[in-house]
Amino acid sequence: MRNSIAAIATCFILCYCQSPPPKQISKNNIQSLTLTKGTNMAVVISPDGNTLAYDLLGQIWLMPIEGVEGQPLTDAFGNARQPSWSPDGKQIAFQAYWDGNWHIYTINADGTGLKQITSGDFDHREPHWSPDGITLAFSSDRNGTYDIWKLNLIGEKMEAITSGAGNEYGPAWSPDGQELAYVTKEGGESELRIKSETESGVLLTSSGSISGASWSPDGSKIIFNDIKNATAQLKQIDLESGSIKVVSDEGEDVFPFRHSWISNHSLMYTSSGSIYQVLENGTKNEIPFSVKVELDRTPYQRKTRDFDSVSPQSVKGIVSPVISPDGESIVFVALQDLWLRKNDGSIHQLTDDQYVQMLPIWSPDGQQIAFSSDQDGEFGIWTMSAGGSDLKKVLSTGGSISGMAWSPDGQSIAYAQSFGPRFGKLSVLDLKTGNQSEVASRIGSSVGSPSWSADGKIIALSVLAPYSSLYREGVNRIMLYSADGKRQRVQKAPEHWSFGVRNNDGPLWSPDGKFMAMISRGSLWLLPVDKYGNATGDPVRLTEELADAPTWTADSKRLLYMATDELKVYDVENETSSLIPVDLSWSRKHPKGTTLIHAGGLIDAVSDTLIQDVDILIDGHRIDSIEPHNDSRVADRKIDASDAFVLPGLIDIHVHEGSGDGEKLGRTWLSWGITSNRNPSGDPYDALNRREAIQSGKAIGPRMYFTGSPIDGSRIFYGGASTTLSEEQVDQELNRAEVLDYDLIKTYVRLPDLLQQRVVEGAHRIGIPVTSHELYPAVGFNIDGVEHIKGTSRRGYSAKLSETRKAYSDVTDLIAKSGMWFTPTTAIYLGYQYVIARDPSVMNDPRLQELAELRYLASISASADQIQSDRGTYEKLYNNVLQMVKDIHEKGGLVTAGTDAPIIPQGFGLHTELENYQDAGLTPLEIIRTATINNAIALNAQDDLGSIEVGKLADMVIVDANPLDDIRNARTTRMVIKNGEVYTLEELIKGEMD
């Protein structure tokens, strides 16, 4: 059997790869773990009652009913889930993800005969075998919502059984094969339904989530899972009387999958990390199981950052380059200012202030430039002459914009705004009257740059088109809006293509109206269209290299684009590219002189106790000495903190931010003592633009670690992400990461495991770590970290956390014993709201009143008011979340503090995260280390950051109260020192620096 399994694994690896796998890194640190508990696992019993099939870690395992070490039936790369036995016990059907979409597979019980049953671009899930063994029922999003489908295995005929407006899933055949039980979900309720050939009916309705229906052998009862608030129960409904009883014990954490009947009064189910058997007499036995996994945790050479050099460096953060209509000039953003490059190679600076400039565009006649900026403290649309004069604000937008386009007649500007990842709108500004009108008021996703048709009657915009409302992922489609806002429609174009990346990357209508240029699958493409915007042919690939930010010349003959780290112009007629050099540089700025801090108490993050009455001498940007206080010491600047406490600058290791957050974002972070952060997903050019501006002294803010957009699979959710379908794309992204000097790579939820492995191995060869939401098999091929206690999952449920927010030892052991970093972000899973509910007065902090961006809070799962109204329920969920953090910490795992801001407010969110850890039972010193030295280790910056030691960078926070007494005292900021620069809290709030 094991040889058959190995052959299956080899087949999938060879069949999936489109080119030879990358050269393997020598493996010299293989860890073996035995796991005896499971999180969100499903189990089914064979028809003869002798063998259990269960899914754990994305593999199907078999073992005798008595319990023993599980034997793998599938390899680790398929994410195989939810097994179903054939009636004769010879085969198992299951869902798996080998080819980048969910499909149904069957395999013989001896490990041979693996067969893919469904295929294509749609997802197919939750198979269940009909009693006659001829038909498989499953759920699929083939019709725009999830419906129940069936497939005749003999004739291979597929047909839909349901077609409701909601989502229908979780099918289970009745014993006689005449009926199907399933769940339908629409809005906030779910229903358990039964459907026969002639009728359908509702058995029950729940305000929670129903799943996992299964009929008793005599067809008289159905068991199902009912998950509501902080409970997950296994229930049974008597189909004759309609009576319902709870089968599971009080306090159990029943997993949301189809369970197995052994007889009419005996069954098998999974709960609370274990497999249970309920006997005829009602006795419940735990069936022991174990699985062995091997983890490759081989060390590799991590890259390090240069914090000291002041030598000139080439600008890499070139954002939104736009070619002029005549092709003679290019306007772009760098160092947070606007610049103009002329064809003679000269570069001219158009703006020079501390504010943010974004998204420049040319007027059709080439005489003016419009752009977005917060240079008067509030974002709006500004215009200037092509030479940089006649600057004026033409509209206050009330927030940043994500893209804009000048109408062909020069009379209007269309602009798009995104309010978080789930909501955008499109508006038009009449430049003559100043009037603005909404073209589309509530687009169901973040949006990028609009583009006008040649006649100015239609505006095109790339928007997310989810495959269903049950799961959020989809592809980008082009929406066509009439400029007057009266009509909208989806472009007629090839199905399953993702057009644009909902960023500054198209679709961009050519001025002659014949093509749309866009970035798709990482490259630059042309889509031929008619005057109405509908595709008249298939997309044509123009570049083999990665491309970004295309713009047209007025004659529609040339396209400017960003080619990884270079600007190029593509000649459409000659099909050639030419390089446009940009000779612009920046130099790192360090403070001069010495600063002496007299600290009443020092928490250096290394010592186990408070160090009292010391002098910290800073020379330039590094710590020169730490010695007992002496009044006779001299320095250029002295800070009396004898009544205060000094701790290392805090690091938020999981934030999302960009230029659209404005100038005040840097001050916001610093005001809360955060002197470094890491953005695990974003526009790399914008991140470089901002990092270079901060390092050069052009802007103030924390030290930035960054990456590009997450590497995702055939479906995406976030704007900026491109669908990744091949190893070629993976290798191109790795090259961009090396050239643009990424600090990190993040893979996302729809990327297949084999491609994720390629990312990890390729990134490690260039010294870059990789993180994701995924735990296994990623931890087995040496991924560096895992984000969130839960996080979005392609499965529709978490493999790390149950529905009642509990994690079991399979998860906590893998994280803690592997040595990977773990960023819980508990605050977004109730922790932030819990802190507010407990003490609403924290919202009165002047930093929240003056600086905070609170626009995303509506997406949080529960409000403080809800928590107050049902304190017991939310306290259970909150404590379950904290238990996972406590378990991993106590097992020696590397807990790293991050927030996922701006879902919760930047800066303040990290302090609520730390307060959550205090509630979990960590000591204040242990908590401080999660946001300092632990994060520095994850950044491979422990020699420079994370503690207050001689030789390290001068990043520290002076607070009024002792955080070792209560971690909430870390909020009492008096001063912040970042890279030796000193800022008072008042200066940061008011924006009035020396």
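Reader: Hi! Which residue takes a positive phi in the hairpin of β34 and β35?

Author: Hello! That is Gly388, with a phi near 105 degrees, in a hairpin that has six residues between the strands. This is a predicted model, so local features need pLDDT of at least 70 and side-chain atom pairs count only at pLDDT 80 or more, while totals for chains, interfaces and linings use all residues. Residues are numbered from 1 along each chain as its sequence is written, and side-chain values use heavy atoms, with hydrogens and water left out.

Reader: How do β34 and β35 pair?

Author: Strand β34 (residues 380–385) runs antiparallel to β35 (residues 392–396), with four bridges between them. Strands here are DSSP runs of E with at least two residues, helices are runs of H or I with at least four, and both are numbered from the N terminus. Two strands pair if DSSP finds at least two bridges between them. Ile381 has Leu395 in β35 as its bridge partner.

Reader: What about the sheet with β18, in what order do its strands come?

Author: The order is β18-β19-β20-β21, an open sheet of four strands with antiparallel pairing. At its edges are β18 (209–215) and β21 (244–246), each pairing on one side only. On average, neighbouring strands of this sheet are turned by 25 degrees against each other, direction ignored. Five bridges link β18 to β19 (residues 221–228), and Ser211 has Asn225 in β19 as its bridge partner.

Reader: And the sheet with β44, why is one side of β44 left without a neighbour?

Author: That open sheet has four strands in the order β44-β45-β46-β47, paired antiparallel. β44 (508–509) and β47 (540–541) are at the edges with a single partner strand each, so one side of each has no neighbour in the sheet. Further in, β45 (residues 515–520) and β46 (residues 523–528) pair antiparallel over six bridges, and Phe515 stands opposite Pro528 in β46.

Reader: Switching to helices! At what angle do α7 and α10 pack?

Author: Helix α7 (residues 831–838) packs on helix α10 (residues 871–890) at about 135 degrees, with the axes 11 Å apart. That makes α7 oblique to α10. Axes are lines fitted to C-alpha atoms, for helices over the stretch in contact, and angles run from 0 to 180 degrees between N-to-C directions. Under 35 degrees counts as roughly parallel, over 145 as roughly antiparallel, 65 to 115 as roughly perpendicular, and the rest as oblique.

Reader: Which residues of α7 meet α10?

Author: Gly831, Tyr834 and Arg838 in α7 meet Arg871, Tyr874, Glu875 and Tyr878 in α10. Contact means heavy atoms within 4.5 Å.

Reader: Is Ser46 buried or exposed?

Author: Ser46 is buried, with a relative accessible area of 5%. Buried means under 20%, exposed over 50%, and partly exposed in between, for a 1.4 Å probe and protein chains only. Ser46 sits in the loop between β2 (43–45) and β3 (51–56). Apart from neighbours within four places in sequence, Ser46 contacts Thr51 and Trp85.

Reader: Last one: where is Asn969?

Author: Asn969 is in the loop between β65 (956–959) and β66 (973–978), and Asn969 is buried too, with a relative accessible area of 19%. Leaving out residues up to four places away in sequence, Asn969 touches Val959, Ala961, Asn962 and Pro963. The C-alpha atoms of Asn969 and Phe645 are 9.8 Å apart, although 324 residues separate the two along the chain.
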